[in-house]
Amino acid sequence: MNRRRKFLLASVLALQNSSFIYPSCQKCLSRIIVVSQRSKCPKCGSVGESGNANYRYKLSLKVAESNKLYVITVFGSCLDTFFGLTATGLHRILKTNLDKVQRPKTTYNNALSIKEKPKH
């Protein structure tokens, strides 16, 4: 992995996907598969409890610099500063708040509109 930093002054045009955090393997940092209460890493075979999963950032952006377009993907803890907390911390907050969100109750009008037939 290249540890040198490269800076690019560009404008962000779009997010490439809306999923910017993912559960990761504690050994190899690959995306893990979470099924019920268990998790498994398809790359190294590590297994564990899904509640103990760590999360990582993966932010894919489409950017423009001068007349060139780039797709840039940024992984890992370098995004902690940008979001203000770790991906695992953000996942906990999102999960807690999603559980608290009340879905709006939709009321349907059950009354049928009936047109009277004109009397002749």
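**Exercise 1: Surface and build**

Find the accessible surface of the chain, and the share of it that belongs to carbon and sulfur atoms.

*Solution.* Keep in mind that this is a predicted model. The accessible surface comes to about 10,500 Å², and carbon and sulfur atoms hold 53% of that. Next, look inside: of the 120 residues in the chain, 22% are buried, with under 20% relative accessible area as the cut-off. Now trace the elements: there are 2 helices and 7 strands, in the order β-β-β-β-β-β-β-α-α from the N terminus on. Last, take the contacts with a separation of 6 or more: 48% of them join residues 24 or more positions apart.

**Exercise 2: The largest pocket**

Work out how much space the largest pocket holds and what lines it.

*Solution.* Start with the volume, about 1,100 Å³. Then go to the lining: 24 residues, with K6, T73, V74, F75 and C78 nearest the centre. Strand 6 (54-65) and strand 7 (68-75) are the elements that give two or more residues to that lining. Sort the lining by class and you get 15 nonpolar, 4 polar and 5 charged residues.

**Exercise 3: The second largest pocket**

Which element gives the most to the lining of the second largest pocket?

*Solution.* This pocket has a volume of about 210 Å³. Its lining includes S50, N54, T88 and H91. Strand 6 and helix 2 (87-100) each supply at least two lining residues, and helix 2 gives the most, with 4. By class, the lining splits into 3 nonpolar, 7 polar and 2 charged residues.

Methods
Residues are numbered from 1 along each chain as its sequence is written. This is a predicted model: local features need pLDDT of at least 70, side-chain atom pairs count only at pLDDT 80 or more; totals for chains, interfaces and linings use all residues. Side-chain values use heavy atoms; hydrogens and water are left out. On a 1 Å grid over the protein atoms alone, a cavity is a set of points where a 1.4 Å probe fits but cannot get out, and a pocket is an open set with protein on both sides within 12 Å along at least five of seven lines; lining residues have an atom within 4 Å of a point. Grid points are joined across faces, edges and corners, and a volume is the space filled by probe spheres set on the points. Ala, Val, Leu, Ile, Met, Phe, Trp, Tyr, Cys and Pro count as nonpolar, Asp, Glu, Lys and Arg as charged, and the others, Gly among them, as polar. Buried means under 20% relative accessible area, exposed over 50%, partly exposed in between (1.4 Å probe, protein chains only). Contact means heavy atoms within 4.5 Å. Accessible areas come from the Shrake-Rupley method with a 1.4 Å probe; for residues, only the protein chains shown count as cover.
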